[in-house]
Amino acid sequence: MDEFADRDVDVDQPSRRNFLKGSTAAIGGGIVGVAGLATAAQAQQANNLPPNVPEWMTYPGDDTAHNPYGLPSPYEEHVVRKVLGTPKTYSAASSRTPLQDLDGIITPNGLHYERHHGGIPEIDPAQHRLMIFGLVDRPLVFTMDDLKRFPSVSRIHMMECSGNQSFTATGRNTAQELMGLVSCAEWTGVALKTVLEECGVQSNARWVVAEGADAAAMTRSIPLEKCLDDVILAYSQNGERIRPEQGYPLRIFVPGYEGNMSVKWLRSLQVREEPIYSREETSKYTDLLPDGHSRQFSFMMEAKSIITYPSGGQQLSAQGYHEISGLAWSGYGKIERVEVSVDGGETWQEAQLQDPVLPICLTRFRLPWAWEGEPVTIMSRAIDETGYVQPTLEALLDARGRNSVYHNHAIQPWAIAANGEVSNANA
Amino acid sequence: MRMRDGLLSAAIVLASTAAALADYGIGTPATPEEIAGWNISIGRDGDNLPAGSGDTVAGAEVFEQRCSACHGESGEGGIGDRLVGGQGTLSDERPIKTVGSYWPYATTLFDYIRRAMPLDSPQSLSADEVYAVSAYILMLNGIVDEGTVLDADSLPAIEMPNRDGFVLDDRPDVGQ
């Protein structure tokens, strides 16, 4: 057996990757005329096309485990999270999932949307504790090892920020910019019910206040009833330990409720009779209505959908067949049906749903479509298992005004121009 | 039938094992000191407010030194949110939501400043400093007078202008 097979010995071997880095640097540098480079690149491409032998077949590629933690192809470098504009501070900001570049329903961990209020702490799991106190018979402290000893549960769920889809989003054009604060992963942990029962919840308890170990000490109150239903204390995401940006080593995951409630870096749960009325459930995450009153404790994420192909910023390459594809979800449960309009909302066709169709989960839909080259407006609307139909923006603004900030789940239309360019039809 | 009976009794065994394990015996009792150190949440009735006090004059100094760089000399906002003004604008076309115009409880102000501010070094203020700077921000909003001293008794007694401005979630209000 080759004694070097499982070791990365040839650190210095020139590789295709290094070669590639070199050529992108040259393009980025812009020293050579752009036109000249384009022809050179085209010539090089042609060398790799039939009937020629592609250059990458003529020498061995990168060594096995060249990247012990694998990375996407350098050709996918543009598929990244994105922060909109220039926030006043990056410690209280958000980054968005590139929905238009992803297939299926699972968001890769490095692309899950982020929303932080006090930066991303680096926490040593050996020094992390979860304390449960308040209206319980036995206040307890748990280590991460303790929590992993409990029976585990894994479920695939979407998570969405209630600020996803702005009421005043001018200048946003791509699915990522407009609706990238939604992601989906398989979350593994222990059912909160199991851990709460270990502590013995007292009969007058109604709320559980979750607090994070970040610089914002993020605090949200969650109804006890929900905590005893489907809430998970999650330590893993898509099979690996939760990423620091998602709350490493522990987050509370509250399915179907606004993402802010799934408090990251979870360090304590206080069981109470009343909510705590934290800043995040009074000043923020409350929805101002036209009469000056605000909806409070508006947790549920209602049925929503978006077409991801063709979507804003993309370009239809040709007339003829295209598969319209998108995502639908609802905090209330499963997606029952998705309807697509290719005539600006005049008529609707039922899209195909891709299995699996899971509760509180992104659901992929598809519709075969032939584009005749005419300007059109396309859009989708989700119907969930409660029969709820996703509203138009007009209906939503009529009911909620423009100052709610949170919980805009309106239909997103895309305009396709005669030249195939796709853009935000609400712009 | 045999097979079914077998399955059934297997299921019963499983169920009773789970029941026997309902008390897992995992975790360590949390001591009162541990809880006191970590419980920084303040209820709207002032529950869990610490001892100490501070007035608007001391608060002006804390604000100047620790807050104004981000929130502006007089709370008009900057890197951090605007903290002052906007009362009576909530049903306007462009509402201004601040501590003074929007927040329902003064206790939340103490709770939030203590846990999260200043943004660059949270939990670095003493209880006296948090009382003082809370008093100062409320004074800038015309909610308390200059010289007001806040402590665990007087803070929860403050009536915030938007105290009754919140309604419970009554959705679905739109969609079918």
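Between domain 1 of chain A and domain 2 of chain A, 18 residue pairs are in polar contact, both residues at pLDDT 80 or more. A polar contact is a pair of N or O atoms within 3.5 Å; within protein, one must be able to donate a hydrogen and the other to accept it, and residues adjacent in sequence count only if both atoms are side-chain atoms. The model is predicted: local features need pLDDT of at least 70, side-chain atom pairs count only at pLDDT 80 or more, and totals for chains, interfaces and linings use all residues. Residues are numbered from 1 along each chain as its sequence is written, chains are lettered from A in the order in which they are written, and side-chain values use heavy atoms, without hydrogens and water.

Domain 1 spans 92-292 and domain 2 spans 300-424. These bounds come from an automatic or database domain assignment. The C-alpha centres of the two domains lie 27 Å apart. Domain 1 gives 38 residues to the contact and domain 2 gives 41, with contact meaning heavy atoms within 4.5 Å.

About 3,200 Å² is buried between the domains, and carbon and sulfur atoms give 60% of this area. Buried area is the accessible area (1.4 Å probe) that two parts lose on being put together, summed over both. In domain 1, A:Ile105, A:Gln165 and A:Phe167 lose the most area to domain 2, together 23% of what that side buries.

The count of salt bridges between the domains is one. A:Glu160 forms a salt bridge with A:Lys304, with the closest N and O atoms 2.7 Å apart. The term denotes a side-chain nitrogen of Lys or Arg within 4 Å of a carboxyl oxygen of Asp or Glu.
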